[in-house]
Amino acid sequence: MSEQVANHPSPDPSDQDNDRDHAHGHSHMVHRHRDVTGGTVRAAVFGVSDGLVSNVALILGVAAAASTRESVLIAGVAGLLAGSASMAAGEYVSMKAQAELVERELAIEKRSIAKQPEMEARELAAIYRQRGADAETATSMAEQVHQNPDIALDVHAREELGVDPDETGNPAAAALSSFFAFAIGAIIPLFPWFFSEGNAAVIASSILGLISAATVGVILARFTERSMLRTAGRQVSWAVVACSVTWVIGSWLGAVV
């Protein structure tokens, strides 16, 4: 008896923790991922970038054509408000339409699972075979999944539609994020015109725009773990192109109008 007790392996505390976590429905992941499907972060990043580039280009174009401080301020504020509202509306409509499309496809899949579960199970087994499972294992996996209709719907949504039913995004949150992000980006190159005018304000707007574009690039590089120099250079390059085009057009309009 004493030898049996001595040879009996003691429970691993980590195994006990794992069992306890699984009992409470907790899942373990090798590493954590950022949320890249919700839409809010994407809307914020795009909003800041679009607001910055579009408004600095607008400001410089108007400055080249009219050169009066009042004209630039009116155009800059109008661009900020119109751009923010447009970005928010567009983000809301696009995400809402996407969510409704996903809901429609999920409803179709749910009806199909309820009416013809055998065919859906065979379809899922075929997907597993394409992923490398043998026929017996694929069939067994599909049958186990289809024991619970809710789990079956979730798995079919991921495998067939490529979507997570619980992560369709929040259109309202994305719209608000896009609105305020665009406004923040758009107000930066407008700041100098509240306090100065002429060439000094043009130079200040240009410098602020380039610095902000580079900053957005650096932040994007941190998120994506890409080269900071390359990403910042890309952002700055597009800003320079947009500003150059509007400056040339504004100068031409100022000369002919």
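This is a predicted model: local features need pLDDT of at least 70, side-chain atom pairs count only at pLDDT 80 or more; totals for chains, interfaces and linings use all residues.

Q: How many aromatic pairs does the rule give?
A: The count comes to one aromatic pair. Rings of Phe, Tyr and Trp (its six-membered ring) pair if their centres lie within 6.5 Å; planes under 30 degrees apart are stacked, over 60 edge-to-face, and the rest tilted.

Q: Why is Phe-179 called partly exposed?
A: Its relative accessibility is 29%. Buried means under 20% relative accessible area, exposed over 50%, and partly exposed in between (1.4 Å probe, protein chains only), so Phe-179 falls in the middle class.

Q: How many salt bridges does a search of the whole structure find?
A: The search finds three. A salt bridge is a side-chain nitrogen of Lys or Arg within 4 Å of a carboxyl oxygen of Asp or Glu.

Q: What makes Glu-105 and Arg-104 a salt bridge?
A: Their closest N and O atoms are 2.6 Å apart, so the pair meets the limit of 4 Å. Glu-105 has a relative accessible area of 26% and is therefore partly exposed.

Q: How do you know that Glu-159 and Arg-131 form a salt bridge?
A: The N to O distance between the side chains of Glu-159 and Arg-131 is 2.8 Å. This pair links distant parts of the chain, 28 residues apart: Glu-159 is in helix α7 (residues 149-161) and Arg-131 in the loop between α5 and α6 (135-145). Helices here are DSSP runs (H or I, at least four residues), numbered from the N terminus.

Q: What makes Arg-158 and Asp-154 a salt bridge, and where do they lie?
A: Their side chains meet at 2.7 Å, N to O. Both are in helix α7, four residues apart, about one turn of the helix. An α-helix has 3.6 residues a turn, so residues three or four places apart point the same way.

Q: How does the span of α7 compare with what is expected?
A: With 13 residues, α7 reaches 17 Å from its first C-alpha to its last, close to the expected 18 Å. The expected span is 1.5 Å times one less than the number of residues.

Q: Which residues of α7 are buried, and what covers them?
A: Ala-152, Leu-153, Val-155, His-156 and Ala-157 are buried. Their cover includes α4 (69-115), α5 and α6.

Q: What is said of charge around Glu-120?
A: Glu-120, in helix α5 (residues 117-130), is buried yet has no salt bridge, and the nearest side chain of opposite charge, Arg-122, is 10 Å away. Lys and Arg count as positive and Asp and Glu as negative; His and the chain ends are not counted.

How values were computed
Residues are numbered from 1 along each chain as its sequence is written. Side-chain values use heavy atoms; hydrogens and water are left out. Helices (H or I, at least four residues) and strands (E, at least two) are DSSP runs, numbered from the N terminus. Contact means heavy atoms within 4.5 Å.
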